[in-house]
Amino acid sequence: MTMKLACSVAALAIAAAGSVGAQDRVKFEYWYGLTGDLGAVVLETCNRFNASQDKYEAVCIGQDGYDQAVQNTIAAFRANQHPTLLQSFDAGTADLMLSGEFYPVHKLMADTGIEVDWDDYFPGIANYYSASTGEFFSMPWNSSTPVYYFNKDHFAAAGITEAPLTWEGMEAAFYALRDSGQACALAYAPSTWIDLEQFSMVHNVPVASNDNGYAGLDTELLFNTTQHVQHMENIQRWIGEGVAQIRTAQSGMTARDSFVSGECSIFFSSIADHNTVHKLAPSFAWDVQIIPVYEGFARHNTVVGGASLWVLSGKTDAEYEAAANYLAFLATKPEQQFLLENTGYIPVTKSTYDALLAEGFYAREPFINRDIAMKSLTYTEPTNLTRGIRLGSFIQIRAEWVNEVQAALAGQKTMQEALDTAVARGNDLLDRFERTYAGKTFP
Amino acid sequence: MRRAYFKANWIAALLVAPQLLIIFVFFYWPASQALYWSLTLEQPWGGGNTWVGFENFRTLLSDAYYWNSVRVSFVFAIASTALAMSMALVLALFADRQLRGYKFFRVGMIWPYAIAAPAVGLAFRFVFNPHAGILSYINEVLPGFWDPTVNGTQAVIMVVVAGAWKSIAYNFIFFLAALQSIPRSLIEASAMDGAGPMRRMRDLQLPLIAPTFFFILVINITDSFTDSFGIVDVLTGGGPARATDLLVYKIYADGFRGFDYSGAAAQSVILMVLVMALTFVQFRYIERRVHYT
């Protein structure tokens, strides 16, 4: 009896203390798109933030995917029930930029008096998330860039000593692998992000006019006129010859699964998969390499992928202050390191990266060679064509590309015809987008 | 004929008001909103729109890929309805004949209906997996024959089978209920007159369950146009090369994923008109042949 009483008194006391604490704290909502293990990491950053101070409370709500995070936020925004902070993926932000319904983080930090050294961010990341004036719209957080993963044992058996840095070398590797008895050299899944966008970055060729859309809304797609066509024709040929095989989720086995099971020797993906592949513990030695370029092209930088954090309009000053503190918290070195240790993402600031290098972070398993992504991202200073891509209706344009490439791979048309169609249909979408936002320009 | 009516109309109005309100809030209001958006270019984050008249409809109707979606949707609707109804009918006839284990099947056959569409998609993704699934055995005999990730026809077959599998359970319940409501005495009398099971089925049971048959037909056709989204999303994502890009999936992809609210609204309006027209046709021409007892 007394025990019970003591327990309930204690519970009451805790509840009272909790409610007092909660009342004092300024709450703000944060909707994120990451799911599974990665979603758990996001939630953990919120817990860490809430435990680190007693003035603010981040209420973090997973939205089950990047797509849904943005969709749900739009629906909520129209009902004035939106969160203060939104994790949005790169392709979903053109509408948000033009709507003006966001609070640029650069301004937010200045208004709330939080010092941020914006020059500390890697230029490949900074350019992607900032206005033409160089001011950040949104806060970079979970950032990645593509690499390729290869099976070292297969490479050794095929007599390949160096992971190739050119597509010509890559092709030779495919055939060497086949000759060594490896049926599937490349597990291929059509990806605009890798095959088109990042490919065009490293080759310094345009995806679209107007510096890939940065300079205006009257943009036209150009990818059916560049080295990209040759590349896609090569991929088609490799699939036809059997050295590359299509491995998508729809076929029941993704490219990553095909690689981890040892069926295929190479697959292309985000560096964020480095952590996942490590966790899946393949029974062979493996490593990563930056994506190849064709001979005759000078290699340029890749750009960042992943998502950034947007502060939305229509909230109170107190909520903005709370959100600003959370963003500043995420940018600290310990928090970046927490993200890096629990995911495959990369540091976003130079100082954090340098500090991690000095500590020997990247000399330890499982992080060895993961910073090859930094090499890719900082290979050259960004040019007008390698800052990034800023296109309206980008998600639909990506879908057009995928559908047309699938049609070509199924033999319904040639790759050139497919890419011409994708460009023509994409241009119609861009035209619609421009008219939807008549008279507006990217900030 | 004498008709019953309320003298005071306000009582009638009061009684139907809740129903009308629900229909208004959940159908007429959103539908009118969709109609309005379909005539504009709507900015997703609010902030206004531009009136463009019928441009969204013109764009859609002059798009060969949109007509492809219409065609695929009809193929899917007809094939999955035919498959789901015929399978369900055969199973219900057997269950009704009280063959061994029918008590178990009467309940067991209902289970698939309780499974969410994406889960069905995931299960069939494994069944149809060209590398490791059950059908991969075909590829061992005929290498490269089965690959729905490249072959559009096979992808359609896959979606039809998965879609039909899910509605078989629903149809089965209705067919079985209809069969069991036929008086036993009729069946027994015809059996005594020497009619075998097949004859009884053809001349007695099928005509007597015609109203149920018609109901199931309307529901299945409507469902396959509007409710096939989950399976397509998981199984094929509309591909390969738009082979399974059903109308309802295209609405989702353009509107929600691509933020083209106006284009998606125009597609919704077309789909709504299409389903209404189809239902009208079914009532006008097929229901005539149905005899309600």
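A: Let's begin with a term: a residue is called buried when its relative accessible area is under 20%. Keep in mind that this is a predicted model. By that cut-off, A:Cys184 and A:Cys264 are both buried.

Q: How many disulfides turn up over all chains?
A: A disulfide is a pair of cysteine sulfur atoms within 2.5 Å. Searching the whole structure gives 2 of them. One joins A:Cys184 and A:Cys264, with the sulfur atoms 2.1 Å apart. A:Cys184 sits in strand 6 and A:Cys264 in strand 8 of chain A, so this pair ties together parts 80 residues apart in sequence.

Q: And what does the other link connect, A:Cys46 with A:Cys60?
A: Here the sulfur atoms are 1.9 Å apart. A:Cys46 belongs to helix 2 (residues 36-52) and A:Cys60 to strand 2 (residues 56-62) of chain A, 14 residues apart. Both A:Cys46 and A:Cys60 are buried.

Q: Is the disulfide of A:Cys46 and A:Cys60 left-handed or right-handed?
A: Look at the torsion about the S-S bond. For A:Cys46 and A:Cys60 it's about -95 degrees, so that disulfide is left-handed. The link of A:Cys184 and A:Cys264 has 95 degrees and is right-handed.

Q: What is the pairing of the bonded cysteines in chain A?
A: Number them in sequence order and you get 1-2, 3-4.

Q: What about confidence: what pLDDT does chain A average?
A: pLDDT is the predictor's confidence in each residue, from 0 to 100. Chain A averages 90, and 95% of the residues score at least 70. Over residues 1-22 of chain A, though, the pLDDT is below 50, and that stretch has 1 contact in the model beyond near neighbours in sequence.

Definitions and conventions:
Residues numbered from 1 in each chain as written. Chains lettered and ligands numbered in written order. Predicted model: local features only at pLDDT ≥ 70, side-chain atom pairs only at ≥ 80, totals over all residues. Heavy atoms only, no water. Contact = heavy atoms within 4.5 Å. Helix = DSSP H or I, 4+ residues; strand = E, 2+ residues; numbered from the N terminus. Buried < 20%, exposed > 50% of the residue type's maximum accessible area, 1.4 Å probe, protein only.
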